[in-house]
Number of protein chains: 2
Amino acid sequence: MRSNSRKEFTFIELARRQQIIDATIESAAKEGYAGTAVSKVAQKVNISKSVVLYHFRNKDELIEETVTQIYDSLWSFVQPRILAESTANAQLRAYIEAEFEYLEMNRDQLLALSSIITNHRNKQGDLYLLEKATEAYLDLIGPMLEAGQQSGDFRSFAIVPMARTLMHAINGALEHWVRHPDISLRDYAGELMTLFDLATQQ
Amino acid sequence: MRSNSRKEFTFIELARRQQIIDATIESAAKEGYAGTAVSKVAQKVNISKSVVLYHFRNKDELIEETVTQIYDSLWSFVQPRILAESTANAQLRAYIEAEFEYLEMNRDQLLALSSIITNHRNKQGDLYLLEKATEAYLDLIGPMLEAGQQSGDFRSFAIVPMARTLMHAINGALEHWVRHPDISLRDYAGELMTLFDLATQQ
DNA sequence: GACAAATTAGAACGTTCGGTCTATTTTTAT
DNA sequence: ATAAAAATAGACCGAACGTTCTAATTTGTC
């Protein structure tokens with residue numbers, strides 16, 4: 001009897017789950033969300049697909065845990081880098097730099113994330129993961145921008161368009177990098193840093 | 001016998017095809033690319049699904065013609081507005097303004113476009129519509145930015161990151177508008193205009 | 001009005017999907 | 001060593017997919 005109430009996972013189960021999640025990330029990155037079927041994920045790990053559904057209640061749970069894991073990993077990398085800076089300008093640059101560094105190390109993770117959250121819907125048809133992700137993003141980046149306006153480092157722009165543009169600009173970099181793997185991500189990051197330096201400047 | 005060699009379409013056939021394409025747009029906008037099945041499109045028009053595949057060779061052709069039509073419509077609206085301006089700064093603002101105007105009038109078109117091109121793959125698994133669309137975009141916006149640099153109106157930034165950020169910024173506005181239909185698109189457009197004014201400025 | 005072409009509906013096909021069920025093997029605990 | 005629990009493979013299910021086929025109906029033409 002597993003996972004009734006708050007039973008902890010065994011090491012084996014944790015390993016299996018991680019293995020399956022990794023395969024899900026790889027599949028979603030390479031074949032997209034639509035191409036990520038339970039059977040294909042299982043095949044990647046060389047297990048029967050019923051094993052996937054033994055370790056995860058259903059596909060939705062697998063998808064959600066995959067997304068959660070990626071987000072936790074990403075933000076736990078990025079957030080300290082932001083908080084390490086004291087001025088708003090430095091924080092903004094640190095955020096872009098950190099996100100690009102993470103991007104370079106975890107391409108498939110962010111590709112999978114993007115493909116999943118823009119396609120995965122609940123029974124009601126809502127892109128609820130996209131909604132949650134966007135809200136979480138604004139909650140993290142919004143205050144940073146507002147602080148910059150309070151301190152006088154930033155001009156008074158509307159927070160949402162600026163934060164969204166920043167978010168989508170970085171996603172655009174990922175999209176570009178996928179199709180042109182030889183570009184310098186460092187250069188791209190540098191371009192975005194000056195771009196948003198100028199865009200936010202007083 | 002229809003569509004052998006270069007037989008023209010009858011008025012009725014043209015009307016049917018347009019009807020089907022419109023339903024495809026509506027479906028892709030509301031249910032996403034994955035939710036856009038031939039049977040559902042047919043249902044929207046109250047015809048049998050075999051009728052859809054009578055007027056279009058297969059689903060791929062339906063999707064491609066839908067995308068082509070949206071792009072032709074969008075660019076034939078936007079491009080004259082750009083060319084009507086003489087300075088690079090004015091062209092950039094005109095482009096953003098025009099794209100937002102089109103957006104406000106044709107929400108479903110651009111939602112469908114976005115969902116389709118980021119998901120539709122050929123047998124080899126390539127997102128070829130996304131690739132084509134991005135290249136076409138860069139071919140149109142890139143020269144405008146380069147001209148601005150030549151004339152000294154713009155600083156010397158890398159074209160691709162700037163063009164891509166512009167593209168994704170507008171797509172981000174669409175995404176935001178969908179979830180917050182009451183926002184002022186005019187305001188959002190204004191924010192982007194100043195943002196990119198500053199970002200490109202000498 | 002008759003005949004051919006264009007258009008349509010609906011059944012059917014093979015495939016894939018997420019999910020369930022059962023039986024078997026492997027692991028763990030005593 | 002043995003009994004219980006965990007883990008796995010594989011068959012199976014109903015639903016949905018794109019596509020094909022056939023038969024019927026509508027339309028256009030002479």
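Mentor: H5(B) and H6(B) lie roughly perpendicular to each other. The model is predicted, and every value below is computed from it.

Trainee: At what angle do helix H5 and helix H6 of chain B pack?

Mentor: Helix H5 of chain B covers residues 88-105, and helix H6 of chain B covers residues 107-117. Their axes are 5 Å apart. Angles of 65 to 115 degrees count as roughly perpendicular, and H5(B) and H6(B) therefore fall in that class. The packing angle is about 100 degrees.

Trainee: Which residues in H6(B) are met by residues in H5(B)?

Mentor: On the H5(B) side, the residues are B:Glu99, B:Tyr102, B:Leu103 and B:Met105. By class, this contact of H5(B) with H6(B) has four nonpolar, one polar and two charged residues. The residues met in H6(B) are B:Arg107, B:Gln109 and B:Leu110.

Trainee: Are H4(B) and H7(B) roughly parallel or roughly perpendicular to each other?

Mentor: Helix H4 of chain B (residues 59-83) packs with helix H7 of chain B (residues 128-150) at an angle of about 10 degrees, the axes being 12 Å apart. Angles under 35 degrees count as roughly parallel. H4(B) and H7(B) are therefore roughly parallel.

Trainee: How many residues of the contact of H4(B) with H7(B) are nonpolar?

Mentor: H4(B) contributes B:Ile63, B:Glu64, B:Val67, B:Tyr71, B:Trp75, B:Gln79 and B:Ile82, while H7(B) contributes B:Tyr128, B:Leu129, B:Ala133, B:Tyr137, B:Leu140 and B:Met144. One residue of this contact is polar and one is charged. The nonpolar count is eleven.

Trainee: By what turn can chain A be laid on chain B?

Mentor: The superposition has an RMSD of 0.0 Å and a shift of 0.0 Å along the axis. The two copies are thus related as by a two-fold rotation axis. Of the contact residues of chain A, 100% recur in chain B, so the same surface serves both copies. The turn is 180 degrees.

Trainee: How many helices are there in chain A?

Mentor: The elements of chain A, read from the N terminus, run α-α-α-α-α-α-α-α-α. The C-alpha atoms of chain A fill a box of roughly 60 × 40 × 35 Å along the principal axes. Chain A has zero strands, and its helix count is nine.

Trainee: Which elements give two or more residues to the lining of the largest cavity?

Mentor: The structure holds one cavity of 30 Å³ or more, and the largest cavity has a volume of about 30 Å³. Its lining is made of A:Arg155, A:Phe157, A:Ala158, A:Pro161, A:Met162, B:Glu191 and B:Leu195. Five of these lining residues are nonpolar, none is polar and two are charged. The elements are helix H8 (159-179) of chain A and helix H9 (185-200) of chain B.

Trainee: Where does the largest share of the lining of the second largest pocket come from?

Mentor: The second largest pocket holds about 210 Å³ of space. Among its lining residues are A:Glu64, A:Tyr71, A:Trp75, A:Leu129, A:Lys132 and A:Leu140. Helix H4 (59-83) and helix H7 (128-150) of chain A are the elements that each give two or more residues to this lining. The largest share, six residues, comes from H4(A).

Trainee: How many residues of the lining of the second largest pocket are charged?

Mentor: The lining includes A:Val67, A:Thr68, A:Asp72, A:Ala133 and A:Ala136. By class, seven lining residues are nonpolar and one is polar. The charged count is three.

Conventions:
Residues numbered from 1 in each chain as written. Chains lettered and ligands numbered in written order. Predicted model: local features only at pLDDT ≥ 70, side-chain atom pairs only at ≥ 80, totals over all residues. Heavy atoms only, no water. Axes fitted to C-alpha atoms, helices over the stretch in contact; angles between N-to-C directions. Helix = DSSP H or I, 4+ residues; strand = E, 2+ residues; numbered from the N terminus. Parallel < 35°, antiparallel > 145°, perpendicular 65-115°, else oblique. Contact = heavy atoms within 4.5 Å. Nonpolar A, V, L, I, M, F, W, Y, C, P; charged D, E, K, R; others polar. Least-squares fit on C-alpha atoms with pLDDT ≥ 70 in both. 1 Å grid on protein atoms, 1.4 Å probe; cavity = no way out; pocket = protein on both sides within 12 Å on 5 of 7 lines; lining within 4 Å. Points joined across faces, edges and corners; volume = space filled by probe spheres on them.
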